[in-house]
Amino acid sequence: MGEIMIGIKLSKHKKETMNKIEEFLNPKEVYFKIKENDEVLVKENEKVIVGQKIIKTKYDTYIHSSVSGIVKEITTMIDYQNNKSNFIKIENDFNETNKFKENDLKNITKEQFISNLKENGIVGLGGAGFPTYVKYNNDDVKTLIINAVECEPYITADYINCFNNIDKIVETLNIIDNIYNLNEIFIAIKTKNRTLKEKIIPYIIKNKKIKLIEVPNLYPMGWEKALVRYIKHTDYDKLPIEKSIIVSNASTIYSIYESLKYNKPLIEKIVTISGDNIINKTNVKVKIGTKFSELKKIYKGYNSKEINLVTGGPMMGYSVETDEFIIPNNLNSVIGIKKIKEFNPITCLRCGKCSDHCPTKICPVLVKDNINNNQELKRLNVERCIECGICSFVCPSKINLREYVREAKKKVK
Ligand code: SF4
Ligand code: SF4
C-alpha cells in the first residue's frame, strides 16, 4: 500500500527498552515553565492539589500541577532544549490530594469532548506539544490516523504505551468515532513490528473502520506529512485537516482516554531513558515537571564520567549540558551518549545530498550560505523544516546543517 517515501534507514537501538517500564511518581519537587503570554494562576506559598490548574496558556488551555504541595517560588531552571527559563516550583507534600472519578462516557457530545481536552490540557505527545482540542475542533473530520510509528532510534515510549494500553486506546477511538462519525481510522505501526501487530489485531476486529497499517521502516516515516502521503496518497499545505484528516500520536490517545474517563489532566507521561551511557536503560512513567536528575533512582546514573545527554531522540533532539533539566509534557526520551563524536566540518563538496534527502524539499546548503540574508532565507522556505536532522546526518563534510536551518527559522519568524 502506498508509494515508498523519501527517508533513510537508521540503526534502531530499541530492544533494550521495548518491554521495560518502571514508575517514578514521587518527585521531591516539580517545575513548570512559564512561556510567553502564559498567565500564572497561583501565588507563592499557595497550597495546590494534584491536577490543579497553575498556568493558562495562550491557546486558552491549561498546565496542571502534577503533585500536591506548596508553590515555593518562580525560579530559573534549564529546560530540555538547554535554555534558561522561568519555572514555577512546587514542593511535593506527598499527600496526592485529589482522586479522579470515573465519568460516564455514553453519548458524549463534541462540545463536551472539546471542552474536556481543553480543560485537561491535553497536548500532542509526539513531540510538538500542540493543544489537542484545537486539532479536533473541526466539523469536517473524516479520517483519523493514529501514529504509533516512533521512527527515531532508541525511543520506545509510544510502543510500550500502545502495547500495554491498546484496549483503552481502541475504546477511545470508538468514542471519537461516535462523535465524528468517521469514515476510517488507521493505526500506523512500523513494518515487521509483529508483536505489536499481533497484540492490536484482536482489539480492532469489532470496529470495521479501524485498520492496521504497516509503514516502511524509514526515518522520518512518523512525520505527519509522510504518514498522510503514505496512507491517503494526498498532500496538504499546513495541516492534515485541510484534507479532513487528523493525525494523533498513540500516547496522546491514551491521555485522551484518561482525560475523558477520569477527568484526569495531563500530569504524567512515559519517557524512554536509553543510550550507551545510561546504566539502567528503561521506560519510566513520571510526573510532568520532574527534574531529570531525580530519576537517577531509576536509571542508576552513567557509565562514564561525562554526562552527555540528548533530549528528544538522536535525530531531532537537543544536547543538554546538565542532568538538572526539567521534563515537560512533550519530551519522550533522554539519550545518554558515552562520547560525543567530535566532527570537524570540512568545506562543502557541493554534492547536493542534503537537499536530495530533505523530506520538506529545502536546500540546507543554500540556507547555510545565506544565513545572514533574511530575505533569501524566506525565499528558501526555511519555516517548512521539521528539524529531522537528516541533512546533518547525510552530509559527507559533517556540516551541522540542521543547526543552520533551525537558526534560519528563528530569524524569519
Ligand atoms: S532542512 Fe530541516 S527538514 Fe530538511 S533535512 Fe534538514 S532538518 Fe530535515
Ligand atoms: S550534503 Fe554537505 S557537502 Fe553535500 S552539498 Fe550539502 S552541505 Fe555540501
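Predicted model: local features only at pLDDT ≥ 70, side-chain atom pairs only at ≥ 80, totals over all residues.
Is Asp79 buried or exposed? At 2% relative accessibility, Asp79 is buried.

**The loop between E7 and E8**

- Asp79 sits in the loop that links strand E7 (69-78) to strand E8 (84-92).
- Beyond residues up to four places away in sequence, Asp79 touches Lys33, Ser85, Phe87, Val320 and Phe325.
- Asn82 is found in the loop between E7 and E8 as well, but Asn82 counts as partly exposed, because its relative accessibility is 24%.
- The backbone of Asn82 deserves a look: phi is positive, at about 70 degrees, although Asn82 is not a glycine.

**Helix H4 against helix H7**

- Helix H4 covers residues 157-180 and helix H7 covers residues 250-262; their axes come within 7 Å and cross at roughly 55 degrees.
- That angle makes H4 oblique to H7, and the crossing is left-handed.
- On the H4 side, the residues that meet H7 are Ala157, Asp158, Asn161, Cys162, Asn165, Lys168, Ile169, Glu171, Thr172, Leu173, Ile175 and Ile176.
- On the H7 side, their partners are Ala250, Ser251, Ile253, Tyr254, Ile256, Tyr257, Leu260 and Lys261.
- Sorted by class, this contact of H4 with H7 has twelve nonpolar, four polar and four charged residues.

**Helix H4 against helix H2**

- H4 also packs with helix H2 (residues 110-119), at an angle of about 130 degrees and with the axes 9 Å apart.
- H2 and H4 are therefore oblique to each other.
- From H2, the contact uses Lys110, Phe113 and Ile114, while H4 brings Ile176, Ile179 and Tyr180.
- By class, the contact of H2 with H4 has five nonpolar residues, no polar ones and one charged residue.

**Tyr159 in helix H4**

- Tyr159 lies in helix H4 and counts as buried, because its relative accessibility is 6%.
- Setting aside residues up to four places away in sequence, Tyr159 touches Met18, Asn19, Glu150, Asn193, Thr195 and Leu196.
- Tyr159 and Lys84 are 75 residues apart along the chain, and their C-alpha atoms are separated by 32 Å.

- Helix H6 (residues 224-232) is mostly covered, with seven of its nine residues buried.
- The buried residues in H6 are Lys225, Ala226, Leu227, Val228, Arg229, Tyr230 and Ile231.
- Their cover includes four strands: E9 (143-147), E10 (184-190), E11 (210-215) and E12 (245-249).
- In the loop between E11 and H6 you will find Pro220, which is joined to Tyr219 by a cis peptide bond with omega of about 5 degrees.
- After H6 comes His233, whose phi is positive, near 55 degrees.

- Lys361 is found in the loop between helix H9 (353-357) and helix H10 (364-369).
- With a relative accessible area of 62%, Lys361 is exposed.
- Lys361 has a positive phi of about 60 degrees, although this residue is not a glycine.
- Arg384 belongs to the loop between helix H11 (374-379) and helix H12 (390-394), and is partly exposed, with a relative accessible area of 39%.
- Apart from its neighbours within four places in sequence, Arg384 is in contact with Thr360, Lys361 and Ile362.
- Arg384 and Val405 are 21 residues apart in sequence, and their C-alpha atoms are 9.9 Å apart in space.

Conventions: Residues numbered from 1 in each chain as written. Chains lettered and ligands numbered in written order. Heavy atoms only, no water. Helix = DSSP H or I, 4+ residues; strand = E, 2+ residues; numbered from the N terminus. Buried < 20%, exposed > 50% of the residue type's maximum accessible area, 1.4 Å probe, protein only. Contact = heavy atoms within 4.5 Å. Axes fitted to C-alpha atoms, helices over the stretch in contact; angles between N-to-C directions. Parallel < 35°, antiparallel > 145°, perpendicular 65-115°, else oblique. Left-handed = near helix turned anticlockwise from the far one by under 90°. Nonpolar A, V, L, I, M, F, W, Y, C, P; charged D, E, K, R; others polar.
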